[in-house]
Amino acid sequence: MLAMDNHRRRKSSSLTRGFIAVSTGGAALALPMIGATVASAAPAQPVTAVAVSKTVAPAAAPAEQTAVRAATPSTYSVVAGDSLYTIALSHSVSGGWQQLYKDNRAVIGADPGVIRPGQQLTIGAKAQSTAAQSTAVASNAAAVTVKPVTYTNDLDGWIKESLAVMAQHGIPGSYNGIHRNIMRESSGNPRAINNWDSNAAAGTPSKGLLQVIDPTFRAYHVPGTSMDPYDPVANITAACNYAAAKYGSIDNVFGAY
């Protein structure tokens, strides 16, 4: 009985050393002794790998979805209180409000500071031209087209038309300055002619509203006006051009010039 007890204790001791070898000697020594335990534990490695792949895969999905969203334009309807700055900021528009305006200039118009409730802005990609937009732009253009100015065929109209031509050529002068000199020189008669002064004696009588002699008219004639010295607009414009060269402006003329 004592021998058997000792034998059992040695087996128990040997088995104990075997388990110690498993815990301290590494997996290679453990396999022959506790194969059943390792087999049940082996699937843990594939499970761990699957778990890792599931963790990594979703991380890339949001970036792909974000890229798709960024590449897809969206439409925003302007509401009261909006500005291009606040819209661009809230939608994270690349390039800010300047890019948003550039992409939607056809809808907004010439002033980026003025947007109106109900306007449809494209966000995320350059707005594409559509038949409706083309029609709207054409309608707006027609609405703001400046009609040609018409002038009355009288002294008031002649002076105003002359001032418009003078403005195009940078010739100074005012309505009052022109009117004052016309009334002194011709009393507003576009066919007036002086046949008695020294100019007339020299064969070049003064003509028209501002009594211009032919050589002066030709020298200071302004392109775009008639070559007829009696033409009211041509006469006024040439006389003002001459007065500007000699006196600085027709406004500085208060007598014979």
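Ser 187 sits in the loop that links helix H10 (175-185) to strand S3 (193-194). Its phi is near 60 degrees, a positive value in a residue other than glycine.

## About the model

This is a predicted model, in which local features need pLDDT of at least 70 and side-chain atom pairs count only at pLDDT 80 or more, while totals for chains, interfaces and linings use all residues. Residues are numbered from 1 along each chain as its sequence is written, and side-chain values use heavy atoms, with hydrogens and water left out.

## The overall picture

The protein has 13 helices and four strands. Helices (H or I, at least four residues) and strands (E, at least two) are DSSP runs, numbered from the N terminus. Of its 257 residues, 26% are buried.

Contacts are heavy atoms within 4.5 Å. Among those in the protein with a separation of 6 or more, 50% come from residues 24 or more positions apart. The accessible surface, from the Shrake-Rupley method with a 1.4 Å probe (for residues, only the protein chains shown count as cover), comes to about 16,200 Å², and 61% of it belongs to carbon and sulfur atoms.

Let's turn to Ser 92, in the loop between helix H5 (84-90) and helix H6 (96-103). Ser 92 has a phi near 50 degrees, a positive value in a residue other than glycine.

Terms used: Buried < 20%, exposed > 50% of the residue type's maximum accessible area, 1.4 Å probe, protein only.
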